[in-house]
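Subject: Structure for you to look at

Hello,

Please find below the structure I said I would pass on. My notes on it follow.

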Amino acid sequence: MFDNNFFVNNFYMEKMVLPLGCGIGVVNGNRLCVSVIDSRGDKKVDGQIINSTDKFSNVPVIRAFAYFFYAVIFYFKALFLQGELIRVEGEKAKQEKKQGRINLSSSYILALAMLISIFLVGFLVVGILPSKIFDFFFEYNFDYFLRVSLVAVIRTVLLYAVLVVLRFLPIMESFYAFNGAGNSYLSGKEGNLIAINYPLNFLNLAVNTLSFSTFVISLVAVDLSWALNSLINLVMFLAFIPICYEILRFASVGKIKWLKKLTLVFNWLVCAKPNTTHCEVLLVAKRELENFEDFSCGEKGCISMSAVYAEMETKLKNLDKFDESDVDWIIATVLCKNRAEIKLCRFVNEKEYRDIMRACERRGQGEPLSSIFGFVEFYGLRFDVNKKVLSPRMDTEVLVEAVIKKASETDAKSILDLCTGSGAIAISLAKYTNCNIFASDISKQALSVAMQNADKNDVMIEFSCCDLTKGLKKSRKYDIIVSNPPYIKSGDIEKLDIEVKKYDPRLALDGGQDGLDFYRRIAKETPNKLNKKGWLFLEVGKGQADDVCALLQENGFDNVQTLKDYNKIERVVYGRISK
């Protein structure tokens with residue numbers, strides 16, 4: 001008996017996309033993944049392992065036939081998976097179940113309608129009609145070669161016209177849009193809302209093969225028995241599969257731009273501009289293929305994690321300064337897991353999904369994660385934050401790391417944190433050094449938050465409410481003073497991202513007209529508060545390092561140096577008091 005799986009398992013399947021009525025099938029390596037959207041707007045995903053190999057991937061003719069014929073096989077597999085994912089709901093489903101009727105999804109109906117249309121169009125409009133029209137208007141003794149040439153042209157033009165009509169039928173709009181989204185995947189530009197011209201897609205190969213073979217078959221015009229005519233025509237059709245495949249494959253590389261543009265003649269017939277939903281459905285399949293080795297539909301009411309990621313990325317991608325890690329942080333926080341653990345999660349329940357999406361909506365409006373959840377992770381510790389304190393940023397970890405290193409090198413005993421805010425710097429230093437830590441801030445509300453954070457992180461810190469060093473014990477000096485003071489220019493605050501200017505306190509941002517007001521005061525006041533050979537560490541804004549270095553040198557600091565943050569921006573200035 002013919003074993004279809006033998007061929008499927010021994011032919012290399014290139015990455016391909018198979019547009020469906022309400023979703024898309026993606027073949028990548030040895031897996032077929034189907035992602036669909038149902039009548040409620042829920043995205044579902046499933047798939048199959050196809051166990052393909054790359055044994056014949058470099059054999060030109062074989063790879064063309066493998067791609068074409070197994071794309072057909074996988075297409076019907078994808079339709080079956082789609083039918084399993086999409087179910088008729090409500091009273092209609094119950095009624096059909098009682099009557100024992102078969103539930104055909106819209107995709108099967110669409111596929112059946114397409115087959116009938118292709119047969120009628122191909123047999124009547126393209127096959128018979130041109131000859132009948134020609135015989136009606138011209139005499140039978142008309143030059144034979146001219147006659148078959150004109151018939152070939154007429155048939156090809158009619159076929160193209162039919163394809164144009166199909167292209168603009170409303171029922172086909174979503175079908176072609178999913179193919180457009182698939183092309184963005186094939187071209188490596190996922191999520192792009194432009195129908196990418198990627199020539200080597202299954203529908204384009206099918207249309208090119210059908211069109212060119214129709215022209216040549218009409219031109220040859222063999223007139224033998226019905227069986228021989230059919231056999232010869234089939235052979236010529238099959239001969240065009242590797243020809244068209246290799247041309248489209250070469251054009252997809254893009255080295256010859258005019259050839260890629262030429263493929264638009266047919267590619268636009270099967271490719272429409274996708275909307276956000278089409279791209280989301282594609283991203284679900286892409287995520288599933290990238291993150292999981294097997295496939296699972298999950299329990300009823302569960303939402304695929306791949307669908308959650310795709311929807312969140314779509315909602316957040318237009319947000320300025322959007323960090324891709326925000327998606328992981330939101331999911332991990334809602335699920336009460338760490339970022340490593342969520343990689344193993346396949347599904348979320350409906351409540352978890354709603355909570356994740358609510359947080360995503362708020363993030364999409366520019367609200368920072370620290371404000372959404374009321375806390376932030378910094379240097380491996382958790383800190384409560386609110387609108388009274390500045391949310392600590394990852395860049396400030398460079399400052400903390402530098403102070404910890406210097407404290408160890410100099411055997412420091414005491415550290416003062418000026419403008420402590422949430423207490424992130426002071427608490428991190430208390431946790432990871434053996435120094436006595438002191439912290440001050442002019443805001444009583446900020447100090448209240450800092451004290452709560454110190455208690456939650458189980459550290460002892462002496463807090464003072466004062467204006468920089470004014471109000472500190474006059475006799476007390478420190479081995480290291482550290483500060484992340486306000487350094488934004490007053491006129492630039494309104495230009496900041498919404499998540500900063502709206503959710504961080506202005507008091508923690510405004511550094512005066514040139515952004516250097518606090519640095520001038522700190523450079524002038526701290527020499528008298530430092531022990532001999534004590535160190536001052538400051539976080540600075542972009543482009544401020546040189547000016548702050550000069551201020552330190554003017555006020556008696558030597559060995560002044562800078563450190564860069566994770567984005568290669570000079571973020572820390574530090575120096576040693578020379579006395």
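Helices H6 and H11 are oblique to each other, a word used for angles that are not under 35 degrees (roughly parallel), over 145 (roughly antiparallel) or 65 to 115 (roughly perpendicular). Their angle is about 45°, and the axes lie 9 Å apart; axes are lines fitted to C-alpha atoms, for helices over the stretch in contact, and angles run from 0 to 180 degrees between N-to-C directions. H6 covers residues 170–186. The crossing of H6 and H11 is right-handed, that is, the near helix is turned clockwise from the far one by less than a right angle.

On the H6 side the contact (heavy atoms within 4.5 Å) includes Phe 178 and Tyr 185, and on the H11 side Leu 282 and Leu 289. By type, the residues of this contact are eight nonpolar, four polar and one charged. Here Ala, Val, Leu, Ile, Met, Phe, Trp, Tyr, Cys and Pro are nonpolar, Asp, Glu, Lys and Arg charged, and the others, Gly among them, polar.

A word on the source: this is a predicted model, in which local features need pLDDT of at least 70 and side-chain atom pairs count only at pLDDT 80 or more, while totals for chains, interfaces and linings use all residues. Residues are numbered from 1 along each chain as its sequence is written, and side-chain values use heavy atoms, without hydrogens and water.

H11 (residues 276–291) also meets H12 (residues 305–316), where the axes come within 8 Å and cross at roughly 135°. H11 and H12 are therefore oblique as well, and their crossing is right-handed. Glu 288 is one of the H11 residues in this contact. The contact of H11 with H12 has five nonpolar, three polar and five charged residues.

The side chain of Glu 288 also joins that of Arg 346 in a polar contact of 2.7 Å (a pair of N or O atoms within 3.5 Å; within protein, one must be able to donate a hydrogen and the other to accept it, and residues adjacent in sequence count only if both atoms are side-chain atoms). Arg 346 is in the loop between helix H14 and strand S6. Arg 346 is buried, at 17% relative accessible area, because buried means under 20% (exposed is over 50%, partly exposed in between; 1.4 Å probe, protein chains only).

Overall, the protein has 22 helices and 15 strands, which are DSSP runs (helices H or I, at least four residues; strands E, at least two) numbered from the N terminus. Of its 579 residues, 48% are buried.

Regards
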